[in-house]
Amino acid sequence: MENTEMNMMPRIGDLAPDFEAMTTQGKLKFSEYAKDNWVILFSHPADFTPVCTTEMSAFAQQEEDFKKYNTKLMGLSIDSIHSHIAWVNNVKKNLGITMKFPIIADLDMKVANLYGMIQPGEAETAAVRAVFFIDPQFKIRLIMYYPLNVGRNMDEIWRVLKALQTSDENKVALPLNWQPGDKVIVPPP
């Protein structure tokens, strides 16, 4: 995998930078975790915050549905492993939602910098709400960035995942506002 320069943000079409990190599921190597799967890698600014809790809870509640689309989830913030575990336990206790997917503890901001999740114009010490769609060949297929104060749109995350997979499977392009079941664009031979 390529793109090891700290200041170079990955782009669509780049190979996803590989890394090893401590997560809520223990130490993981990204390329081993992602092998033969799509991965949605997403960052959040901080544990124990209201917007992040709504987002992470939504991913957790839909994790089994993502698995049906051969897709694994992986979260990240620059909080400690102890903070992540306390937050995961707090969400389970208070909301009854279990976050089974790994959440990267990135105190040194190594992974956040590798993926361009630190945006100095927004914050120097918190990851923005980034979402990376990575295919089974480790290629970055789509990137979404949201500011710290605006939550993501889960409907759009689902639409994009299904669109990418439909396009790959059928070698088609998808028009504006495409939804599963809508007409597609067949390229000329």
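Select F59 first. Leaving aside residues up to four places away in sequence, F59 touches I40, F42, F66, L73, F101, R152, M154 and I157. Keep in mind throughout that this is a predicted model.

**The cores**

Now colour the largest nonpolar core, which has 27 residues. Those with the most contacts inside this core include F59, I40, F66 and I157. M99, F101 and F133 belong to that group too. Next, show the secondary structure elements. At least two residues of this core come from each of β3, α2, α4 (81-95), β6, β7 and α6. Which element gives the most to this core? Helix α6 does, with six residues. In soluble globular proteins, nonpolar side chains tend to be buried together.

Then pick F30, A34, F132 and F138. They are among the 26 residues of another core, which lies apart from the largest one.

**Along helix α6**

Select residues 154-170. These 17 residues form helix α6, and at 1.5 Å a residue they should span 24 Å.

Start at the N-terminal end. N153 caps α6 there, with a side-chain oxygen 2.9 Å from the backbone nitrogen of D155. Go on to the residue that follows the helix, K171: its phi is positive, near 55°.

Now show the buried side chains of α6: M154, I157, W158, V160, L161, A163, L164 and Q165. What do the buried residues of α6 pack against? Their partners are the strands β3 (38-43), β4 (71-77), β6 (129-134) and β7 (140-146), together with the helices α2 (50-61) and α3 (63-68). An α-helix has 3.6 residues a turn, so residues three or four places apart point the same way.

**Salt bridges**

Switch to charged side chains. The structure holds nine salt bridges. Zoom in on E55 and R129, whose closest N and O atoms are 2.8 Å apart in a salt bridge. E55 is in helix α2 and R129 in strand β6, so this pair ties together parts 74 residues apart in sequence. E55 counts as buried because its relative accessibility is 6%. R129 is buried as well, with a relative accessible area of 2%.

Move to D135 and R141. Their side chains meet in a salt bridge, 3.2 Å from N to O. D135, at 5% relative accessibility, counts as buried. R141 is buried with a relative accessible area of 19%, and the cut-off is under 20%.

Salt bridges with shared partners join R152, E55 and R129 into one network.

Finish at R11 and D14. Their salt bridge has its closest N and O atoms 3.9 Å apart. D14 counts as buried, at 11% relative accessibility.

Technical notes: Residues are numbered from 1 along each chain as its sequence is written. This is a predicted model: local features need pLDDT of at least 70, side-chain atom pairs count only at pLDDT 80 or more; totals for chains, interfaces and linings use all residues. Side-chain values use heavy atoms; hydrogens and water are left out. Helices (H or I, at least four residues) and strands (E, at least two) are DSSP runs, numbered from the N terminus. The expected span of a helix is 1.5 Å times one less than its number of residues. Buried means under 20% relative accessible area, exposed over 50%, partly exposed in between (1.4 Å probe, protein chains only). Contact means heavy atoms within 4.5 Å. A polar contact is a pair of N or O atoms within 3.5 Å; within protein, one must be able to donate a hydrogen and the other to accept it, and residues adjacent in sequence count only if both atoms are side-chain atoms. A nonpolar core is a set of buried Ala, Val, Leu, Ile, Met, Phe, Trp, Tyr and Cys residues joined through side-chain atoms within 4.5 Å. A salt bridge is a side-chain nitrogen of Lys or Arg within 4 Å of a carboxyl oxygen of Asp or Glu.
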